Amino acid sequence: MSIRNTSNFLSDQVRYYAQVRSSNLSFLQFQASTGLKHSRSSDDPLAAQRLFSLKRTTNKLDADKVVIDETEHTLNLSVSNLTEAHQVTRAAQRIGLDARQADPDELSVLANEVDHLLGRLVSLGNSTDGGRYQYSGQADKTIPFVKNPNGDLPPYIYKGSQRSFEVDVSENVRIESLKNGREVFGSTNRTTSVYIGSTGAKPGPGTDNATDQGTLQVTHTATSYIGGSGVAAGTDSAARDTIIGAVGTHNLTIVDQSGTGTSGTIQLNGGLEYPWNASEANLRIEGPTGEVVYVDTQNITAGFNGDIDLTADGTISTDGGSTVTPIDFSNNQIISNSTDQTVTNVDSSEITRVGTESIEYQGTSDLFSTLVQLRDDLRNTRGLVGDEWDDAIIRRDGDIERHATQILDVIGVQSVSLESIVALRDRNRAYNLEVNQIIDDVENADLTDVVLQLQQEQNLLEYTYATSSTILSQNILDYLR
Amino acid sequence: MLSFSSSITALRANQAALNTVANNIANAGTPGYHRQQVQFGARADVNVGGQLIGSGVDIKGVYRQFNSIIEGSLLENNSLRASVDQQLVVSRQIETILGPGEGSIHTKLNNFYADLRSLSTEPDNSSKRLIAIERLQSLTNEINTISSRLTQVERDVERQIDADLDEVNRFFNEATELNEKIRHEQLLGRNPNNMLDQLHQKVSQISEVVDVSVVESKNGGFGFSLFGGRYYSESAEIQLEKTSQSHEPATFALAGSDKEMEFAGGRLAGLQQLQKNQLTDVKGRLDSFAKDLVFQFDKIHSTGLPVSGEFEILASNRPVSDASLPIDQATSLGPLQAGSVFVSVTDTASGERNLHEMSFDPATQSLEDFAAAFTSIANLGATFSNNNQSISLYGINDHKFDFAGRFPTTLDSSGLTGSSVPAISGDYTGSKNDVFTFTFNGSGTVGVTDGLSVQVTDSTGGLVGNFDIGQGYEPGSDIEIGDGVMLSLQSGTIVDTENFSVPTIQSADETGVLAAIGINSLFSGTDAKTIQVSHEVLNDPSRLALSRNGDAGNAGVIDRFAALRNAAVSNNGKSTLEESVEQITVDIAVEVSQLTGEQTNFELIGNQLSQEIDSISGVDPNEEMVFLLQYQKAYEASVRVISTMDQVLSELFNILR
């Protein structure tokens, strides 16, 4: 500092330091009034950058929280719905159990109860939350289960999305919030189909893709007899024979009692002996289990006594005869259904009689279809007899059990998701709190410190004024006389 | 009467000194005033009786107390400080424009991302869509506002440059006048102190506009040095001109010269710096951010599907400069690259959907080429509009199209001789476009023959998996191949080693051309000034193309938008979009902070220099009072000498009486 300081310089100094102090006081006043540490980013660019990053983090966490809350709500609602659906399945199972000891009148009542349960179940399947269907997957504005207009099985057709709706509840945590309804109420795992009937048809080893229930029609087309006996198919044979089989499956035993081929007896598969004569063109012969053939005995070889083999050809169809497949007596015949474009693999090697098999494609019915099947079986619309009915009711119980398990599985998965979500929410809350505390540290002023600084600056300003006043008041004129 | 004459010179000299003191005191507060001091000098001796005796005192001159070195330093400091002050004022303005807080671009971008997260829980919720669009519009409006404010600042800076240029030229004219007067006085041997002060005051004013220094000229007056000493003029006859065009960073030259010169200090240097650096940088980065935002979001949005599904017609909303130029050169968005664009064509009657691949190289192919490639696909057409700068794509014969890259409903199974028909479904979730090849192992009937399988490989031959389709496989049921792809085979036969391939598409536009020309875009515009939410989306929230698979509730596109939040897609792949815009604010804050530091530094240096100068040139009234006493006493002493001499002479004359 120069030794020569003018009063000008001294007053400049006063102005300068008073400005500095006032500026500092003004900033401290800002801090005390707003609680903020900085008035603009340039006050501390590093803190500004940190704040950006921290606020971005809280924004993400807040956004995650919204997603978490919404997803939690959706899952809670779904679990609640599915718990009720599970109760419906248990109620249906109880009905099935009761039905086995019930009389026909009671069965009708029980069938009506199943109908009621079905209504509840459909209502649950089509439940909404804020205009969103809970079980339509990604097509959440589309009603998932719509009544089948044809009245066939399945009773409700799924119209929702094949894809469940997933949402990222947090970084790298993806949760299914809206299930594809098929995964909840749809079929379980296909198992071997069940054939109910007496044709001898069995499920082939191939895998069917037909679903629910169906019928297999076994129809006779022609019976032919191995040469030598002179017996031939009767005039009604094609239309009315009820036997089906390759050579060796069925046989005829002919005895020419006349020795001239004019009369004798004839039996089918060792059944009752029927008298024949040379004038019979359409003799009905019934076998021991009710199988029937019509034969023409007009040209029986004179003196023929013995068994003769025969072949009875036929066709099988799963679409009511629209598409017929000749029976080849193999272990796997693929039968196409032209109505629903499905295939059924049939073991036709042991088909012996015409008739209709009721096929249950096990594990392919959705829950609604299963309940309809139970209801219909309670009403015995398929005309099942004896053990067939009992077995069918037992199978329905098994079907419902599988669906109940499936629903429980979904509840389990969603409950686990809920657990994750609750954990995520807690973590989100804790992390958000922590980040907000850091933001508080970076952004907000320490008021104690501010007050102390305020006092210090105020003192300095007063000192500036005091010293200035003292220095500037010194004047040589005061000493000159 | 030597004594009388000596005393009289003393009276004159001290009277002059008292006048100087009075002048000093009078100008104690005058800006630019340098205190003056009278320099006395003894008069020549006279021979009195063979002895040389002094003959009194002369005023050798009245001189300013002036230190050219310190004054020069102060001038330089003034210039540098003025430059920093000017930069600081404008940089603070920019900082305020880009400031954080509620309503800032940062908060709005944060909020838009948050809205997308909320929308991801229910993509087809019209209220959520509306909120997201409104927030997005608010963001684009904020970007427009910032751009417009920065442009206003640019204009203000330009106007300030013009005003400063006028001012400094006026100062130079005034300085020239003063300089001439000083030269004239100096030639007459006079010391024009006040004129010198006025000139230096003028130079000080000039130094705040441009860097300037002055040196005494050997011809009298002062010479002027400018542009960091790279230019020197013997006089102040200097005029400066702006050589740049409007809306360009200013450049300057001396009048009559086209040689561009750069100032080393002063407001004009600061304004020039602002134009070249801060303003250009901030505007450029904001534009760059806007471009990145538009391009990155539109690249995703262009391959999405709105609630209504496929498109009948799509018009581009980013006109190209010339439809015949390669798109790379005709548009400003990018980076674009050569690759494939996949377009799906759907028969609205049958629902059958085909997938077509268009190879496109934006570096060599134009919008016209794109249109030709598009129209070469069956049931698609294209027309040009807006002076051939825009294009409309449309489907014909009841066909619609989209760029979602979904699997075709019917595969090309021309290489298969079996009766089983394959189908591919699902949403591909792989990280890149690929081609999956499905090769049958074994011949027989699907779902019946034991041991049948299908092997799936990717385009590199890598094994994706082997899947059983023999006994146990339910014909028509989906097999999960991986990466979201599902295969199903209808009942029928397959033949060993036969195969078919399916493109699996992560992005249906590898080139970026759809975003570049604005097909099915979320935004319109290409920079901070023009960015807007596209008109179609703004008018109809259902036009937000958020689905990748056609389900209205699908959030495939939102998930990709959300993934952008953490992706380094801005600032040449170095930052996320949020970081990019935050960094602009932080950088300008750093700039302001540095400038504030420099300003404080220059202020301190200026104070020190002013103190130094004040210690030399400043008027201290107390000191002047001392001088006043000193000259007063000297004056009184001289009067006493005259009085004494008068008494002596009186005594002498009394002898004669």
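Visitor: In S19(A), which residue is the bridge partner of Ser336(A)?
Guide: This is a predicted model. Ser336(A) belongs to the uncovered face of strand S18 (residues 333–337) of chain A, along with Ile334(A). S18(A) pairs with strand S19 (residues 342–347) of chain A in the antiparallel sense over five bridges. Within S19(A), the bridge partner of Ser336(A) is Val343(A).

Visitor: Which residues make up the covered face of S18(A)?
Guide: In a regular strand, side chains alternate between the two faces of the sheet. In S18(A), Ile334(A) and Ser336(A) form the uncovered face. The covered face holds Gln333(A), Ile335(A) and Asn337(A).

Visitor: Which residue takes a positive phi in the hairpin of S18(A) and S19(A)?
Guide: The hairpin has four residues between the strands. A positive phi near 55° occurs there, and the residue that takes it is Gln341(A).

Visitor: In S15(A), what is the bridge partner of Glu286(A)?
Guide: S14(A) and strand S15 (residues 292–296) of chain A pair in the antiparallel sense over four bridges. In S15(A), Glu286(A) has as its bridge partner Val292(A).

Visitor: Are H2(A) and H12(B) roughly parallel or roughly antiparallel to each other?
Guide: Helix H2 (residues 45–99) of chain A and helix H12 (residues 577–617) of chain B have axes that come within 8 Å and cross at roughly 160°. Angles over 145 degrees count as roughly antiparallel. H2(A) and H12(B) are therefore roughly antiparallel.

Visitor: How many charged residues does the contact of H2(A) with H12(B) have?
Guide: On the H2(A) side, the residues include Phe52(A) and Arg56(A), and those of H12(B) include Glu578(B), Glu579(B) and Glu582(B). By class, the contact has six nonpolar and five polar residues, and the number of charged residues is four.

Visitor: How many nonpolar residues are in the contact of H3(B) with H12(B)?
Guide: The axes of helix H3 (residues 105–120) of chain B and H12(B) come within 10 Å and cross at roughly 170°. Among the residues that meet are Ile105(B), Leu109(B) and Tyr113(B) in H3(B), and Leu577(B) and Val581(B) in H12(B). Three residues of the contact are polar and two charged, while the nonpolar ones number five.

Conventions
Residues are numbered from 1 along each chain as its sequence is written. Chains are lettered from A and ligands numbered from 1 in the order in which they are written. This is a predicted model: local features need pLDDT of at least 70, side-chain atom pairs count only at pLDDT 80 or more; totals for chains, interfaces and linings use all residues. Side-chain values use heavy atoms; hydrogens and water are left out. Axes are lines fitted to C-alpha atoms, for helices over the stretch in contact, and angles run from 0 to 180 degrees between N-to-C directions. Helices (H or I, at least four residues) and strands (E, at least two) are DSSP runs, numbered from the N terminus. Angles under 35 degrees count as roughly parallel, over 145 as roughly antiparallel, 65 to 115 as roughly perpendicular and the rest as oblique. Contact means heavy atoms within 4.5 Å. Ala, Val, Leu, Ile, Met, Phe, Trp, Tyr, Cys and Pro count as nonpolar, Asp, Glu, Lys and Arg as charged, and the others, Gly among them, as polar. Buried means under 20% relative accessible area, exposed over 50%, partly exposed in between (1.4 Å probe, protein chains only). Two strands pair if DSSP finds at least two bridges between them.
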